[in-house]
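Q: I'm new to this one and would like to go through it piece by piece. Could you take my questions as they come?

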Amino acid sequence: MDKNFDVIVIGGGPAGYVCAIRSAQLGFKTACIESRGTLGGTCLNVGCIPSKSLLNLSENYHKVQNEFNNLGIESSNVKLNLSKMMSNKNKSVLTLTKGVEYLFKKNKITYLKGKGSILSKNSVSVLDESKNKTNYKTKNVVISTGSIPSSLPGIKIDENNIVSSTGALSFNKVPKELIIIGGGYIGLEMGSVWKRLGSKVTVIEFLDHIIPGMDKDISNEFLKILIKQGINFKLNSKVTNVKVVKDKAIIDFTNNKSSKRERIECDKVLVAVGRKSNIGEDIVKLGIKLEKGKIKVNKKFETSIKGIYAVGDCIQLGPMLAHKAEDEGIAVAEIIAGQAGHVNYEVIPAVIYTSPEVAAVGKTEQELQKESIKYKIGKFPFLANSRAKVNNETEGFVKIIADDKTDKVLGVHIIGSHAGTMIAEMALAMEFGASSEDIARTCHAHPTHTEAVKEAALAVDKRPIHF
């Protein structure tokens, strides 16, 4: 094998494999190093994809059990076969990871299996499963090593009783009682899965609200819906200790306001307090500058060492989201090629794939208040949307925030079925600098959920038609 490359990408997740494909498309001789044994990173293997499989399947199971009879679809003797459900999830993951391998072959990318380490700005080594080390030369290095689950001080994740999101995707039986530490995206998605499948779920959150960073209107509405679904919440509470006794987990926590102490015993604990950048020792030894535990890069995604770039969860720019990482992977490849690669961090959508879904793009009301920007709001409930009504999907609303003077859309927040798909229209509108009037005057098909977007845009100017 020729050991000289134009670009070597370390990490085969969404940032890395996309960067490798785009680099190859641009004519670079490209290699991608991945230690997992399969491509796709956390997202495809133990994150976005398997969790969405379980969210979809558990929602179907819940509907058959609790909703279909009332809709004229009679069903009886419905049983959960968890091992089959897990097999279906694993099959989906395998299909997609093999699909990325096919794309590597199609684009003539060299796939190097093993642990990659940067020796210098033009030299990288790969340690394979047999502990054989091979050195490679390259003109450019792109670091895309992703992120790993965080924990709390004194809490050791064993992936048995105390699990990360990885362990929560692979329980071999439904826990009778599941405690989730953290009320963010991951915790609420996995909590929804296991609640539908039969667990008693309790979420312990340090703050006095869930989904930190999301608009407060959305957070408050979402909390009401999840409580109605049967998920328990202990907000404004600090976990002080987690221990395992006779195959049971015991969690001690204290209310931040009242100092009241509580203890809960359960089968499984999911620690979902966020993720941290996966920074290797080689990066530290090389002297690549870090910022708050993440790799510091400039606008061209270049680190403090010329010729070494970084993208995805391991850098200080933007949220830890797979689609943001993909855009950065494309941008850095184009920058290396002398083109104008760019990522607009003001317009990165975020989605929580529960039922109903939560989606957002742009600024929250709270952020605009901090920045002293005057704004106006339009809201429209799905209760007044005809398609949502006939589909029995009336929970939630669309909220559009526009600049008070210019009417430019500054942020959009949706809670409801299909919110994750609907947010794409608003991301596109914001990318092109649309006003709320632009959206209001755009013809939307009837009957669709997206008519709620048009109505919310009309509501910015206090002229909704159907509410």
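A: Let us begin at the end of a helix: α9 is followed by Gly-338, a residue whose phi is positive, near 85°. Please keep in mind throughout that this is a predicted model.

Q: Okay, how many residues does α9 have, and how far does it reach?
A: Helix α9 covers residues 322-336, which is 15 residues, and it reaches 21 Å from its first C-alpha to its last, close to the 21 Å expected at 1.5 Å a residue.

Q: Which residues of α9 are buried, and what covers them?
A: The buried residues of α9 are Lys-324, Ala-325, Glu-328, Gly-329, Ala-331, Val-332, Ala-333, Glu-334, Ile-335 and Ile-336. Their cover includes the strands β1 (4-10), β6 (133-143) and β19 (308-310), together with the helix α1 (14-25).

Q: And what about α3, how many residues are in that helix?
A: Helix α3 has 19 residues, numbers 48-66, and spans 26 Å between its first and last C-alpha atoms, close to the 27 Å expected at 1.5 Å a residue. Buried in α3 are Pro-50, Ser-51, Ser-53, Leu-54, Leu-55, Ser-58 and Tyr-61, and these buried residues pack against α2 (41-46), α4 (82-106) and α6 (185-196).

Q: Some of those are three or four places apart; why would such residues point the same way in a helix?
A: An α-helix has 3.6 residues a turn, so residues at that spacing point the same way.

Q: You mentioned Ser-355 and Pro-356; what kind of peptide bond joins them?
A: Ser-355 and Pro-356 are joined by a cis peptide bond, with omega about 5°. Pro-356 sits in the loop between β20 (350-352) and β21 (357-362). A cis peptide bond also joins His-446 and Pro-447, where omega is about -5°, and Pro-447 is in the loop between α13 (436-440) and α14 (451-460).

Q: How many cavities of 30 Å³ or more turn up in the whole structure?
A: The search finds one cavity of 30 Å³ or more, and the volume of the largest cavity is about 60 Å³. Among the residues lining the largest cavity are Pro-149, Ser-164, Ile-186 and Arg-275, and by class its lining has six nonpolar, four polar and one charged residues.

Q: How many disulfides are there?
A: A search of the whole structure finds zero disulfides. Cys-19 is in none, and the nearest cysteine sulfur to its own, that of Cys-32, is 8.3 Å away.

Q: Is Cys-19 buried or exposed, and what about Cys-443?
A: Cys-19 counts as buried because its relative accessibility is 0%, whereas Cys-443 is exposed, with a relative accessible area of 73%.

Q: Where is Asp-403, and what does that residue contact?
A: Asp-403 is in strand β23 (residues 397-403), and it counts as buried because its relative accessibility is 17%, below the 20% cut-off. Setting aside neighbours within four places in sequence, Asp-403 is in contact with Ile-373, Lys-374, Tyr-375, Lys-376, Lys-408 and Leu-410.

Q: And Pro-381, which strand is that residue in?
A: Pro-381 belongs to strand β22 (residues 375-381) and is buried, with a relative accessible area of 18%. Not counting residues up to four places away in sequence, Pro-381 touches Gly-396, Phe-397 and Phe-467.

Q: Last topic: which non-glycine residues have a positive phi?
A: One of them is Asn-77, with a phi of about 55°, found in the loop between α3 and α4 and exposed at 74% relative accessibility. Ser-259 also has a positive phi, near 65°; its place is in the loop between β13 (248-255) and β14 (261-266), and Ser-259 is exposed, with a relative accessible area of 51%.

Methods: Residues numbered from 1 in each chain as written. Predicted model: local features only at pLDDT ≥ 70, side-chain atom pairs only at ≥ 80, totals over all residues. Heavy atoms only, no water. Helix = DSSP H or I, 4+ residues; strand = E, 2+ residues; numbered from the N terminus. Expected span 1.5 Å × (residues − 1). Buried < 20%, exposed > 50% of the residue type's maximum accessible area, 1.4 Å probe, protein only. Contact = heavy atoms within 4.5 Å. Disulfide = S-S within 2.5 Å. 1 Å grid on protein atoms, 1.4 Å probe; cavity = no way out; pocket = protein on both sides within 12 Å on 5 of 7 lines; lining within 4 Å. Points joined across faces, edges and corners; volume = space filled by probe spheres on them. Nonpolar A, V, L, I, M, F, W, Y, C, P; charged D, E, K, R; others polar.
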